[in-house]
Amino acid sequence: MAAIEVRGLERAFQGGVKAVRGVALEVAEGEIYAFLGPNGAGKTTTVRMLTTLLRPTGGSARVAGHDIVREAPAVRRAIGVALQEAALDPLMTGRELIHLQATLHRLPRAEARARADELLARVGLEYAADRRVGTYSGGMRRRLDLASALVHEPRVLFLDEPTTGLDPVSRKTIWDEVRALNRAGTTVFLTTQYLEEADQLADRVGIIAQGRIVAEGTPRELKAQVGKPHLEIAIADGEVERAREVVGRLGRALPPKDGLVLVELDGGAAQVAPVVRALDEAGIAVESLQLVEPTLDDVFVAKTGRHLEGDGAGEAAGGAGEERAEQPAEA
Amino acid sequence: MNPALAIHWPMVAVLVRRAMNEILRVPGAAIPGVLAPTIFFLGLTAVFGELTELGGFGTDDYQSFIIGVSLLQGSGFTGAATGVNLARDIEAGWFDRLLASPAPRPVILAGMVISAALRALIPAAVLLTVGFAIGVSWPGPFGLALAIVGVMGLATAAACWGCALALRFRTQSAAPLMQAGMFVLVLCTTSYAPREHLQGWLHTVATINPVTQVLEMVRQGFLGTVTWHETWPGLLTIAALVAVLAAFALRGMRRMAD
């Protein structure tokens with residue numbers, strides 16, 4: 001049984017604005033599914049519907065086997081939720097907040113206390129457990145929010161932009177915790193506008209734009225849809241043509257760009273060493289090389305014509321492949 | 001205790017405790033709810049202290065006559081402030097946390113309004129202390145208990161009113177409406193003079209205003225004798241106000257998902 005099954009989910013607001021337009025997806029038990037899209041794409045509206053906070057105006061969905069409209073209380077018992085704005089009461093202490101959450105999930109008092117201690121230690125907040133949340137940093141609040149969502153060991157965990165606005169260290173802490181939870185069997189549905197987050201964490205990614213899913217698959221599958229990785233090799237002047245001939249035996253040689261030899265590699269990073277070896281055996285000195293792989297942004301651009309994040313947001317100037325992730329490799 | 005409430009009492013208790021932080025952890029947070037009714041009480045006692053010479057007040061001490069309305073003012077303000085707090089929680093996203101939890105909606109509402117009833121005891125305690133210090137008659141244990149029931153009951157109704165408005169408008173900008181509603185309800189009663197001294201529209205409004213029944217229940221101990229005749233309409237009014245306004249608040253909570 002799928003942990004989340006969504007069929008033609010729709011949500012229209014007053015004035016006829018449709019934030020979600022027929023979203024359909026399935027998330028298997030134990031999977032991490034990332035919903036990737038820019039602000040206003042419909043990610044949060046979808047999560048609010050799946051967590052019973054908002055009623056759909058069309059379609060249906062089941063979470064942990066329960067219909068989100070007809071069996072909303074059962075859905076709430078099965079899920080953990082950490083929403084976009086970590087809504088924490090600044091007057092409560094971290095321990096009180098988790099205890100409150102545990103009580104709302106009907107944990108007996110002694111168990112609630114033990115669970116609070118365990119979760120605070122797990123997210124590295126035991127030292128601040130009795131401090132008021134108002135004194136916590138943004139990263140600490142997110143970790144506390146995550147801990148409070150785990151208090152009843154939910155089958156399905158919804159994380160709405162769990163690392164937005166966090167520094168890299170706090171972001172990594174959250175990622176590590178999400179991975180650990182997933183290893184323990186929790187299904188995770190997360191929304192994000194960060195490509196790296198989806199790429200690093202998700203088993204499968206759904207790309208949403210203007211309320212519709214425009215692409216879905218594993219990060220590898222999605223990236224494969226827009227191109228293969230290629231190697232950019234800088235070599236000594238006068239050797240470019242000979243180098244192209246050598247690397248052409250191992251992959252498809254692309255037209256040179258800015259004096260660089262380019263070769264498309266089916267096997268990605270695994271093929272870097274054979275290429276270097278072949279050039280070395282041919283007596284061609286390699287000055288530097290970089291493996292360039294398609295990114296989820298390339299996928300997003302290919303599907304929507306727009307970049308997902310950063311200053312490049314807006315119409316894509318050059319289509320797929322304009323902004324690519326570069327992985328320097330030792331020559 | 002209602003069996004459903006008994007089962008969910010630990011949930012109600014944590015929500016009450018959390019709401020009580022507003023006054024226990026924010027220095028001076030209780031002052032606005034105390035200050036206004038106390039100033040009204042002292043000011044009006046000083047200005048209209050001789051009014052009882054007109055007769056019909058049931059006492060020669062004007063302060064004993066108006067202590068009841070001051071108690072209900074403090075209660076109404078404190079109760080309505082629960083709506084302001086809820087609007088803030090909705091704006092901040094905290095309320096989503098409660099709605100996404102398995103806690104039944106009536107339990108969430110109960111947590112908020114019970115805390116209001118408890119918080120209303122603070123202005124009541126200050127007013128009674130000041131009142132007794134300036135000569136308010138001792139109402140007797142039964143009269144005092146009825147006054148407290150009235151204070152807590154009206155605070156509960158006011159909290160339901162405030163919550164219903166907060167859930168309708170979902171913004172703290174609705175705060176004046178919450179406070180003004182209670183202000184009008186409490187003042188358009190036999191607040192400062194007995195019914196026979198009221199004229200025109202105020203006489204009519206005070207007669208039909210259900211809070212008049214609550215005020216007269218609260219007031220009776222300070223004026224002398226407590227009777228069932230003066231008590232049951234007040235208790236019935238509180239029960240009816242809480243039932244109707246809680247239904248509105250729960251409807252608002254259900255419509256949050258629309």
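Tutor: Happy to! Let's start with a cut-off: a residue is buried if 20 or more other C-beta atoms lie within 10 Å of its own, and exposed if 12 or fewer do. Keep in mind too that this is a predicted model.

With that in hand, take Asp258(A), which sits in the loop between β12 (252-257) and β13 (260-264) of chain A. Asp258(A) has 7 C-beta neighbours inside 10 Å and therefore counts as exposed. Its phi is positive, at about 55°, although the residue is not a glycine. Thr52(A) is not a glycine either, and its phi is positive at about 75°. The loop here is the one between α1 and β4 (58-63) of chain A. Thr52(A), however, has 23 other C-beta atoms within 10 Å, so this residue is buried.

Six strands of chain A form an open sheet with mixed pairing, in the order β6-β7-β8-β3-β9-β10. At its edges stand β6 (79-82) and β10 (212-217) of chain A; each has a single partner strand, which means that one side of each has no neighbour in the sheet. On average, and with direction ignored, neighbouring strands of this sheet are turned by 15° against each other.

You can find one facing pair by looking for Ala209(A), which stands opposite Arg212(A) in β10(A). Helix α1 (residues 43-50) of chain A packs on the sheet, where it touches β3 (32-36), β7 (156-160), β8 (187-192) and β9 of chain A. The direction of α1 makes about 150° with that of β7(A). Another helix, α5 (residues 138-149) of chain A, also packs on the sheet, touching β6 and β7 of chain A, and its direction makes about 165° with that of β6(A).

Stepping back to the whole chain, chain A has eleven helices and 17 strands. Its C-alpha atoms fill a box of roughly 75 × 50 × 35 Å along the principal axes. Of its 331 residues, 46% are buried. Among contacts in chain A with a separation of 6 or more, 68% are between residues 24 or more positions apart.

What about the cores? The largest nonpolar core has 154 residues, and those that touch the most other members are Ala34(A), Met112(B), Cys160(B), Trp161(B) and Cys163(B). A second, separate core has 13 residues, including Leu231(A), Ile233(A), Val246(A) and Val261(A).

Finally, chain A meets chain B through 19 residues from each chain. On the side of chain B that touches chain A, α2 (9-24) and α5 (94-99) of chain B are the elements that give two or more residues. The most comes from α2(B), with five residues. By class, that side of chain B has eleven nonpolar, three polar and five charged residues.

Technical notes:
Residues numbered from 1 in each chain as written. Chains lettered and ligands numbered in written order. Predicted model: local features only at pLDDT ≥ 70, side-chain atom pairs only at ≥ 80, totals over all residues. Pairing = 2+ DSSP bridges. Helix = DSSP H or I, 4+ residues; strand = E, 2+ residues; numbered from the N terminus. Axes fitted to C-alpha atoms, helices over the stretch in contact; angles between N-to-C directions. Contact = placed C-beta atoms within 7 Å. Nonpolar A, V, L, I, M, F, W, Y, C, P; charged D, E, K, R; others polar. Core = buried A, V, L, I, M, F, W, Y, C linked by C-beta atoms within 7 Å.
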